[in-house]
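Dear colleague,

Please find below the structure that I am handing over to you. My findings follow directly after it.

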Amino acid sequence: MDAYQQLASTVNISNKNNRLLSYDDSLTLIGTGRSAYVFRIKESDQAIKIFFPEFRHIAKEETEIYLKLKGISYFPTIYAFGENYIVMDYIQGRTLFECVNDGVAIKESHVQEIDYALALAAERGLNPSDIHLRNLFITTNDEVKLIDVARFNQTKNCSQWDDLKYVYHRFYSKRMFPKKIPTVILNIFAYFYRKPIITKAFNSAKAK
């Protein structure tokens, strides 16, 4: 058993409700998603993503996508993977969700770089999907990074990034628009985003 696999084996997740029960002292929990926990490996620039028991199959799918993205600097490099984990770069910085929550301005150049990164992914035969504020990073060096690429293989059209760009240009970029928005407001917006009436309103507004 190699070192990464041994680390992954120390992460104990309840099969019933995906509650995190225990993990090795050399790991620091840095994120919880819909299908995995993410830890920083202490004293390193690497993170390990451990998938919930019922989502173990996503580890293989996401690994294959990251390998297709190899060499594109906007996406983390992966170093190892197993049946329920992926080891990748630890990203120091803020997600766009945290930027909006903390009042840290998102620049037009950041939006353009994200556009470019997604175009590069598309050139590799992928279909960038499920792009939201929590999987887009601005690093401490003011660089853009994208994570959570498991849905880049889906075939249906996803308009989330186009919708985010519309909100950015129509509202956020305006001088008087507040740059610091409370978490509760962001979560309410995310909750209602997929409601048919909101989707219809977005499509109508973008068409004008």
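The secondary structure of the protein chain consists of seven helices and 10 strands. Its radius of gyration is 18 Å, close to the 17 Å that the globule rule gives for 208 residues, so the chain is as compact as a globular protein of that length. Please bear in mind that this is a predicted model. Along the principal axes, the C-alpha trace spans about 60 × 35 × 35 Å.

Of its 208 residues, 39% count as buried. The accessible surface of the protein chain amounts to about 12200 Å², and carbon and sulfur atoms account for 53% of that surface. Where contacts link residues at least 6 apart in sequence, 60% of them join residues at least 24 apart. As to charge, there are 28 positive and 23 negative side chains, and the centres of these two sets lie 9 Å apart.

Strand β3 (residues 27-32) pairs with strand β4 (residues 36-41) in the antiparallel sense, over five bridges. Within this pair, T32 stands opposite Y37 of β4. The two strands, β3 and β4, form a hairpin with three residues between them. Strand β4 is also joined to strand β5 (residues 46-51) by five bridges, again in an antiparallel arrangement. Here V38 has K49 of β5 as its bridge partner. The hairpin of β4 and β5 has four residues between the strands, and E43 in that hairpin takes a positive phi near 60°.

That backbone angle deserves a remark, as most residues other than glycine have a negative phi. Two further residues belong in this context. N18, which is not a glycine, has a positive phi of about 60°. N18 is placed in the loop between β1 (12-13) and β2 (20-22). With a relative accessible area of 14%, N18 is buried, because the cut-off for burial is under 20%. D148 is likewise not a glycine, and its phi is positive at about 55°. This residue, D148, is found in the loop between β10 (144-146) and α5 (160-172). D148 is partly exposed, its relative accessible area being 30%.

Which residues does N135 contact, leaving aside its neighbours within four places in sequence? They are D130, K145, L146, I147 and D148. N135 itself lies in the loop between α4 (108-123) and β9 (136-139), and at 1% relative accessibility N135 counts as buried.

Finally, I draw your attention to D162, which has its place in helix α5. Is D162 buried, partly exposed or exposed? At 41% relative accessibility, D162 counts as partly exposed. D162 and D115 are 47 residues apart in sequence, while their C-alpha atoms are 9.5 Å apart in space.

With kind regards

Note on methods:
Residues numbered from 1 in each chain as written. Predicted model: local features only at pLDDT ≥ 70, side-chain atom pairs only at ≥ 80, totals over all residues. Heavy atoms only, no water. Rg over C-alpha atoms; globule rule 2.2 N^0.38 Å. Buried < 20%, exposed > 50% of the residue type's maximum accessible area, 1.4 Å probe, protein only. Contact = heavy atoms within 4.5 Å. Areas by Shrake-Rupley, 256 points an atom, 1.4 Å probe, with all protein chains shown as cover. Lys, Arg positive; Asp, Glu negative; His and termini not counted. Charge placed at Lys NZ, Arg CZ, Asp CG, Glu CD. Pairing = 2+ DSSP bridges.
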